[in-house]
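Try each task before reading its solution.

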Amino acid sequence: MCGIVGYVGREDCVDILVDGLQKLEYRGYDSAGIAVIQNNQIVVKKTKGRLSDLTEKMKEEGRPKGFCGIGHTRWATHGEPSDINSHPHGNKRISIVHNGIIENYREIKEFLIAQGYGFESETDTETVAKLLDYYYEGDPVQTIINVIKEVRGAYALGIVFRDFPDKVFAVRKDSPLIVGTSENGNFIASDVPAILKYTRDYYLLEQNEIATLSADGVKFCDMYKNEIKKEIQTADWDLDAAEKGGYEHFMLKEINEQPTAIRTTISPRIVDGMPYLEESGMTKEMLKNYRRIFIVACGTAMHAGLVGKYVIEKMARVEVTVDIASEFRYRDPLIQKEDLVILISQSGETADTLAALKLAKERGATTMSVVNVKGSSIARESDIVVYTHAGPEISVASTKAYAVQLSIMYLLAFELAYAKGVISEEECRRLTKELENIPEKIEEILVLKERCQFIASRLVSSESLLYIGRGLDYALSMEGSLKLKEISYIHSESYAAGELKHGTISLITEDMPVIAVATQSDLFEKTLSNIKEVKARGAKVTMICREGTEDDKSVANHLVVLPNMDDVMMPMLALVPMQYIAYYTAVLKGCDVDKPRNLAKSVTVE
Ligand code: G6P
C-alpha cells in the first residue's frame, strides 16, 4: 500500500526521497510524487506509473532542489491511478502525502465546497489537504490538531507548509509511520527499509502524536500540545538485508535466506533442547488452559495458520479454528475469555488482522501475535508477541516470512502438546531436534532449483492448474497455489485430493496440469489413487514426494523428491519446491516477480 517518506536536513532531499520511495516499492504502487520546498515555494512533481516515470518527468520539467520535502508512492483506493490523483495534494501553501482511508471525506468535501474550495482529484486525501488549509492560521501543529479532530478513518500524514520551509510535520492513526533521526537530518517513513541507508535510529509514532521535524531534531506532542519524550528504537536490520545482494530478484534471495531466517527465529526459543516461548510472556501454564485457539490472518500468513491448525490439533489435541481476518471481524465469532486468539502477520500492519485483534480483545480473549516487524501496530496491541526474525521481506510474494511463521507454529504445537501431557518429554525433545534440523535440510533442497526450473518450463504456457493434496499437504498446497497465481498470473486452485471427484475433476484435461503434494505417509496411497484418476484423464502431473516413495515413477510425469523427515515436519521442506516452481514460472513468463500487478505487500486499508 502507499509508501511515505519525508526528509529535512543538510542534504539535497530529492535523492533521499526517491531512494526512500524505491525501498518502499515492495509495498505496491501505481503512481509516485514528491513535494520539495525550494526558495520558500512548494514544488510538486508527481505522475502515474513507476518511480522511473517520476525521475523521467523531473528530467524533462526540471528537478526541484531543496533540503526539506515529502514523497509518496500511491496504491489507488479512491480514484484511478492518474497524475491528478497522485500525491502530494494541496495548494501553494500546504502539501501532504497520505496513507490510509478517510472514511468521512464526502462530508468534509461538501463542507469545504460550501466554503468555496474547489477539488481536482477524486481522492479522499485532497479533502484533508484542503481542510488543513481551511484551519491554517499560522500554527501548523494547531492546524493538524483541528483536522485530526474532524477526520475519521486511518491516516499516516506527511505535511509541509510553505511558511515553515525547514520543517516536516507528521501524524498517524491506524496507519504505520516512523520517524528516523540522524546527524544529517531527520526522516519520516512508512517502514524501516526506507531510512536504513541513512540511520538505524528511529521513533515509533503513537496514535495521534504529532511530530515536528527540523534539520537539528524532532519534537513530539499530543493533541493538547503537551510535549512527549520518546524512546529511540534501533533497527536490527542492516542495509544489506534490504538489497538484492547479487540475486536477480528479492524473491529468489528470500527463498535462499530461509535456512538462516528459521535458525534465527527458533534458536532463542529452544532452551536445553525444549521449546521455550515463555520469554514472550506465554507460560506453559497459560498455554494449556485455553479452551480453544483461533488463528486469524490474511493471505500467506493465514496459510501458515492452516498448517498450524493441523499440527496443533494433531500433536496437542486442542481445537483450532483458522479464520481469514476480513471474515472473522464481521462474522460475530464465538470467542470467549478462555480462548487464545493468535494473529499472524509479517508486516504487523494488515488492517483486517488489526481489526480482528481489536475484536478479540474487546471480547476478553488473550491475544498473541506472531509478527515480523518490530514495534508494528499488531505487535504493540496484542497481549503477547512472538517476533519472527526473517529480516525485511521485500518481495511482495511472501516466502521466508511464511517459513518462519510455520516454525513458530511447530514450536507452539510441541510446547502445548508437552504442557498438556499428550507427548512425553523425550518425544518433545526429539521433535524439537527435528525442527532444528530443518534449516540444513532446506539447504539440501535449495539445490533442486534446476529441477523446478524444468517443471516451470512445462507449466509456463498453461492457463490454469490445480494443486492437490491431503491433510497437511492440502494445507501447504494452498500456499503453493497462491504463490503461483500471484506472481505468474496463471489461474491456480488448491483442492483437497479426496474432494476432486465431487465436481472439480470435470475440469481435468491434458491442458490442466496438476501438482500433487504427497509427503504424508499415512495418506500417500490415497493421494496416489487421486493422482492416477487425474492422470487417466490426461493431466500432466508433477508430484512432490519424499525419498522412498518415488519408486512408482510411472505415476507422475515429473517428480520432486524431498529428504525424509517425520510426516509432521514435511511441509517445512515441501514449501521450497512450490516457491521455486512459482518463481521460475513467473520468470519464464517475463512477469515482474517482486512487484506483481495490483498487489500490495502491506495492506493497511480494509
Ligand atoms: C498482502 C500480501 C500477502 C500477505 C498478506 C498478509 O496481501 O500481498 O503476501 O500474505 O497481505 O500480510 P501480513 O503482513 O499481515 O502477513
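**Exercise 1.** Is E415 buried or exposed?

A word on the ground rules: this is a predicted model, where local features need pLDDT of at least 70 and side-chain atom pairs count only at pLDDT 80 or more, while totals for chains, interfaces and linings use all residues. Residues are numbered from 1 along each chain as its sequence is written, and side-chain values use heavy atoms, with hydrogens and water left out.

*Solution.* Start with the location: E415 sits in helix α13, residues 400–419 (helices are DSSP runs of H or I, at least four residues; strands are runs of E, at least two; both are numbered from the N terminus). Next, take the relative accessible area, which is 0%, so E415 is buried (under 20%; exposed is over 50%, partly exposed in between, with a 1.4 Å probe and protein chains only). Finally, list its contacts (heavy atoms within 4.5 Å): beyond four places in sequence, E415 touches P275, Y276, L277, K284 and L287.

**Exercise 2.** Which residues does I468 contact, leaving aside neighbours within four places in sequence?

*Solution.* First place I468 in strand β23, residues 464–469. Its relative accessibility is 0%, so I468 is buried too. Then read off the partners, among them S477, Y495, L500, V514 and I515. For I515, the C-alpha atoms lie 6.3 Å apart, although 47 residues separate the pair in sequence.

**Exercise 3.** Which residue in β13 stands opposite I210?

*Solution.* Begin with the strands: β12 (210–214) and β13 (217–221) run antiparallel, joined by five bridges (pairing takes at least two DSSP bridges). Within this pair, C221 is the residue opposite I210.
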